[in-house]
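Open the model in your viewer and keep the sequence panel beside it. The tour below says what to select at each stop.

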Amino acid sequence: SNFGLSLTPGLHRGQPRVPAMWEEVLDYCIFISCCSVGLVILVALLIVIYDRIDALLRLESTPPRPRVTVLVLGDLGRSPRMQYHALSLASDVNLDCLWTGSTVPKPDDDKGVDVDLIGYAGEPCIRQLRDHPRVTVRTVPAIARPAGVSIPFVVWAPLKVFLQVMVLLWTLLVATPRPDTVLLQTPPAIPTLAVAWLAALVRGSRVVVDWHNFGYTILAMNVGSISHWMVRLAKIYESIFSQAGHGNLCVTHAMRDWLRVHWGVYASVLHDQPPAFFRRTSLEEMHELFVRLGQDPQPGQPDRAGLSEALWSDAPSASSSTPVKALLTARGADSVVRMRPDRPALIVSSTSWTEDEDFRVLLGALAELDARVRSDSRFPRLLCVVTGKGPQRAMYEAKMEKMRLEKVRIKTMWLDAADYPKLLGCCDLGVSLHSSSSGLDLPMKILDMFGAGMPVCALGFECLDELVQDGRNGLVFESSRQLADQLQQLLTGFPDSRRLAELRSNVKPGRWSDNWVQHALPVILPDLSPDHVD
């Protein structure tokens with residue numbers, strides 16, 4: 001009768017029945033675990049039989065279209081690289097070779113493989129992916145601590161992992177058709193590396209691991225020590241199951257070298273590149289966006305953000321955007337949209353508001369910059385837009401509210417997947433505060449900014465030079481004061497800043513599709529050579 005209450009610490013403190021209670025809980029857990037494992041084994045055997053029969057039947061009818069499961073144990077809408085993988089698999093692969101020598105007529109639509117994209121529901125995926133006929137999005141429930149119940153971490157952590165394992169096994173073994181390849185993102189490595197390996201073993205699929213970072217280094221940042229026993233255990237787990245992949249991708253040359261030297265893993269480097277929808281925004285699109293974003297925020301209208309002259313005015317209602325005049329643009333009597341010569345400079349920073357990005361650096365730089373340029377007529381008004389959601393957003397917004405600035409304004413907001421590229425395409429300069437937990441990964445936000453045609457000021461860390469060449473396509477800083485110096489140097493004289501124009505002219509990003517075909521496709525589907533891909 002006390003089973004549910006027993007998880008609350010201190011409820012029966014001092015009573016002799018507590019040990020017996022925990023013994024009973026342990027017995028229940030062991031019993032449930034044994035039943036679950038037995039059920040998984042039974043289901044796995046049935047699936048093996050079913051897959052073999054299905055494969056034999058399909059071979060006698062038509063060449064099967066390859067299928068890939070793309071797995072990320074996170075919010076799909078906030079996992080851009082895995083979304084781009086799924087879109088390329090569904091769109092960029094030419095399958096002519098499957099019908100070579102076959103007596104079955106080739107279908108009219110012979111581009112792309114079938115894709116199952118698996119992860120948590122949350123923010124919407126990009127429109128091109130949501131509308132694609134070959135992509136099936138399969139969401140799995142996020143395992144959250146029950147509200148109102150205090151469960152000790154030592155009990156909740158293994159219970160959460162166990163529940164994640166069961167959910168993933170059901171999804172990969174039962175709810176999803178057999179894939180030729182399982183492509184999974186790590187981190188998180190626990191439990192996805194082990195579960196994907198087991199599911200692929202049962203179904204006869206290949207496993208390809210896309211290394212974005214290392215889970216144990218992120219855990220070390222959270223617990224505050226690389227020598228913590230949980231971190232050491234996570235590293236051992238990650239090193240063991242790093243051998244599970246039939247192929248491996250990673251995001252930098254530095255990570256490739258580290259994987260080879262320390263874990264004996266040979267990975268191909270797939271540098272992030274922006275997809276084609278990251279570009280400079282046209283004047284018409286810019287005007288429409290800022291007319292909408294310039295309206296005062298209203299309940300139920302998250303796309304209104306108050307990005308207007310009202311930010312520098314004591315009478316906001318008189319200064320909000322109109323169909324004729326927005327913050328950056330104005331429509332003339334001839335109905336042509338033009339840039340306003342008196343527009344503010346617009347800088348942007350994107351963040352998930354977590355511990356690996358210290359926004360005190362940016363706030364300190366903006367405060368120092370504002371103090372320097374208050375009476376400098378050559379320096380423009382400056383709007384800094386910070387996009388993203390995350391746990392530390394409210395804390396930093398409270399700090400921003402207390403800042404007293406003259407020329408500089410800071411605005412936080414969240415944009416949907418369609419408006420985010422448009423906003424980047426309007427900006428003059430990007431700021432990245434990403435500091436890698438491993439020193440081996442790169443922030444994708446910088447690639448998005450490059451795709452939108454703007455240079456970047458980036459916080460320095462190991463291997464950043466694979467992306468940002470200091471003084472060429474951006475500037476690297478180490479402190480708030482150095483960032484303030486860079487902003488003052490780049491924006492003085494705006495919109496005719498010579499130094500800003502020089503950096504912008506050197507921003508020449510590649511594009512995701514060509515890069516993916518060359519480096520990722522041979523690893524994910526090696527039987528389909530690049531010769532068969534447009």
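**Stop one: a helix and the residue after it**

Select Gly204, which sits just after α5 and takes a positive phi of about 70 degrees. This is a predicted model, so no experiment stands behind the coordinates.

Now step back to helix α5 itself, residues 192-203. At 1.5 Å a residue, its 12 residues should span 16 Å, and the end C-alpha atoms are 16 Å apart, which agrees. Is the helix enclosed or open? Of the 12 residues in α5, 9 are buried, so the helix is largely enclosed by the rest of the structure. Among the buried ones are Thr192, Leu193, Val202 and Arg203.

**Stop two: the sheet**

Select the six strands of the open sheet, in the order β12-β11-β10-β13-β14-β15, with parallel pairing. The edges are β12 (408-413) and β15 (474-477); each has a single partner strand, so one side of each is left without a neighbour in the sheet. From one strand to the next, the twist averages 20 degrees.

Zoom in on β13 (residues 429-432) and β14 (residues 456-459), a parallel pair with 3 bridges. Ser432 has Ala458 in β14 as its bridge partner.

**Stop three: two crossing helices**

Select α15 (residues 480-491) and α16 (residues 498-505), whose axes come within 6 Å and cross at roughly 95 degrees. That makes α15 roughly perpendicular to α16. Show side chains for Gln489, Leu490 and Leu491 in α15, which meet Arg499, Leu500 and Leu503 in α16. By class, this contact has 4 nonpolar, 1 polar and 1 charged residues.

Key. Residues are numbered from 1 along each chain as its sequence is written. This is a predicted model: local features need pLDDT of at least 70, side-chain atom pairs count only at pLDDT 80 or more; totals for chains, interfaces and linings use all residues. Side-chain values use heavy atoms; hydrogens and water are left out. Helices (H or I, at least four residues) and strands (E, at least two) are DSSP runs, numbered from the N terminus. The expected span of a helix is 1.5 Å times one less than its number of residues. Buried means under 20% relative accessible area, exposed over 50%, partly exposed in between (1.4 Å probe, protein chains only). Axes are lines fitted to C-alpha atoms, for helices over the stretch in contact, and angles run from 0 to 180 degrees between N-to-C directions. Angles under 35 degrees count as roughly parallel, over 145 as roughly antiparallel, 65 to 115 as roughly perpendicular and the rest as oblique. Contact means heavy atoms within 4.5 Å. Ala, Val, Leu, Ile, Met, Phe, Trp, Tyr, Cys and Pro count as nonpolar, Asp, Glu, Lys and Arg as charged, and the others, Gly among them, as polar. Two strands pair if DSSP finds at least two bridges between them.
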